[in-house]
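Please open the model in your viewer and keep the sequence panel beside it. The stops below each begin with a selection and then describe what is found there.

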Amino acid sequence: MRIIAGEDEHLAHNYHPLPVVISGGEGAWVTDVEGKRYLDLLSAYSALNFGHGHPAILAAAQEQLGRLTLTSRAYHNDRLGPFAAALAELCGKDLVLPMNTGAEAVETGIKVARAWGYRVKGVPVDAATIVVAHGNFHGRTTTIVGFSDDASARDGFGPFAPGFVSVPYGDAAAIEAAITPETVAVLIEPIQGEAGVVLPPDGYLRAVRDICTAHGVLFIADEIQSGLGRVGETFACDREGVVPDVYLLGKALGGGILPVSAVVADRDVLGVIRPGEHGSTFGGNPLAAAVGLRVVELLQTGEFQNRAKLLGEHLEAKLGELIGHGVTAVRVAGLWAGVDIDPAAGTGRDVAERLIARGVLVKDTHGQTIRIAPPLVIRATELDWAVEQLRTVLAG
Ligand SMILES: *Cc1c(COP(=O)(O)O)cnc(C)c1O
């Protein structure tokens, strides 16, 4: 790999990137600085659900770039209202609170749940607790990593905020047992992405919904990676016909162009936040709103959800053929797969590096797993080709 001037000497080492230097992208493909093409099976962790440079999203951004990009929320802007209305409708909720990154949406969700707990539920001040799940990934702020059980995310960064109780993922009874009169919310990923595309058992989301309703606790679904078409539905919660009280959205909401996140909930929940209590200089800026609105419009057609569903079934069948041939297990939801690599075939990182040589980009997670999350615009023939490359590298 060509060394990029400045990186070794001046870039903080908070990442260990795979050895490829990308300089261009279109649809499901990227190009490196030497002109070599790669099929992108990561999509920036699902931030590129619509692919690189989707024409309709680019057009919305370019039109807005020339008109108005930033006002701050000190004033109104003419793009935020239409975006909020469209996103609320997509979610079937009343209100939208726009932020930028996913972690900010999670932080906002935590604040909303606590404020709701004190002002609506009547929990004694500063006593609120939130139930979370082992193996979670909700972002990188100090509050969020405080309830992570990933040592590399957490160790060395304390002291951490109290008020979180962690229980095994996929175990609804454990959630119910952890609920006390001070519990204000259950915060989970409907599918755990960073953990390796971990699917909960059937009925888990429905059970969590019922438990939250029965105990007067908010169900907060972190759909930042699982939502917006990835799993063959608009939201991963739709797989069980479940509607959470609070959606946390991000990643693909920014159309692969800029960070756009949001908390979406009904008025009786999100309405607890009063002017001055929460905000963000860039949150809800007109460029983000124009891009976010176009993303919502693309999702309103159902086209991307359908593609993810059909192509996902195809991918699942193809990946299934690799079990016993360098793969020990495969978990698939829509166009999203966690593939566990047989240690005899190398680590996840080894496989990702060998795939780069064959023009395919994936990302390893937690040692033996690789994650596959292509742009939803990918074609079946391209998926087939990518799986053939995986089959070849696994064969040694
Ligand atoms: C990526 C992710 C986040 C954090 O989003 P950032 O934009 O990186 O802050 C939060 N929750 C989930 C489930 C994610 O996948």
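**First stop: helix α4**

Select residues 80-91, helix α4, whose twelve residues should span 16 Å at 1.5 Å a residue, and the end C-alpha atoms are 16 Å apart, which agrees. The expected span is 1.5 Å times one less than the number of residues, and helices (H or I, at least four residues) and strands (E, at least two) are DSSP runs numbered from the N terminus. This is a predicted model, in which local features need pLDDT of at least 70 and side-chain atom pairs count only at pLDDT 80 or more, while totals for chains, interfaces and linings use all residues. Residues are numbered from 1 along each chain as its sequence is written, and side-chain values use heavy atoms, with hydrogens and water left out.

Now colour the buried residues of α4, which are Leu80, Phe83, Ala86, Leu87, Ala88, Leu90 and Cys91; buried means under 20% relative accessible area, exposed over 50%, and partly exposed in between, with a 1.4 Å probe and protein chains only. An α-helix has 3.6 residues a turn, so residues three or four places apart point the same way. Showing β4 (95-99), β9 (246-249), β10 (261-265) and α11 (286-300) brings up the elements against which the buried residues of α4 pack, where contact means heavy atoms within 4.5 Å. Just after α4, Gly92 takes a positive phi of about 70°.

An N or O atom in the side chain of Gln225 is 2.7 Å from an oxygen atom of the ligand, and an N or O atom in the side chain of Lys251 is 2.7 Å from an oxygen atom of the ligand. Taken alone, the ligand exposes 380 Å², of which the protein buries 82%, the areas coming from the Shrake-Rupley method with a 1.4 Å probe; for residues, only the protein chains shown count as cover.

Select Asn49, in the loop between α2 (43-46) and α3 (55-65), a buried residue with a relative accessible area of 0%. Its side chain reaches the backbone oxygen of Leu228 at 3.1 Å. Residues up to four places away in sequence not being counted, Asn49 touches Gly227, Leu228, Arg230, Ala252, Pro375, Leu376 and Val377.

With the same exclusion of residues up to four places away, Thr234 touches Leu90, Gly227, Leu228, Gly229 and Gln305, and a polar contact of 2.9 Å joins the side chains of Thr234 and Gln305.

Gln305 is one of the buried residues of α12, along with Phe304, Ala308, Leu311, Gly312, Leu315 and Leu319. The 18 residues of this helix, 303-320, should span 26 Å at 1.5 Å a residue, and the end C-alpha atoms are 25 Å apart, which agrees. The cover over the buried residues of α12 includes α11, β11 (327-332), β12, β15 (369-372) and α14 (380-394).

Within β12 (residues 337-341), select Ala337, which counts as buried at 0% relative accessibility. Beyond its neighbours within four places in sequence, Ala337 is in contact with residues including Leu315, Leu319, Val332 and Ile370.

**Last stop: backbone geometry**

Most residues other than glycine have a negative phi, and most peptide bonds are trans. Select Gly158 and Pro159, joined by a cis peptide bond with omega near 0°. Ser72, not a glycine, has a positive phi of about 70° and is partly exposed at 24% relative accessible area. Asp126 also has a positive phi, near 70°, and is exposed at 69%.

How values were computed
A polar contact is a pair of N or O atoms within 3.5 Å; within protein, one must be able to donate a hydrogen and the other to accept it, and residues adjacent in sequence count only if both atoms are side-chain atoms.
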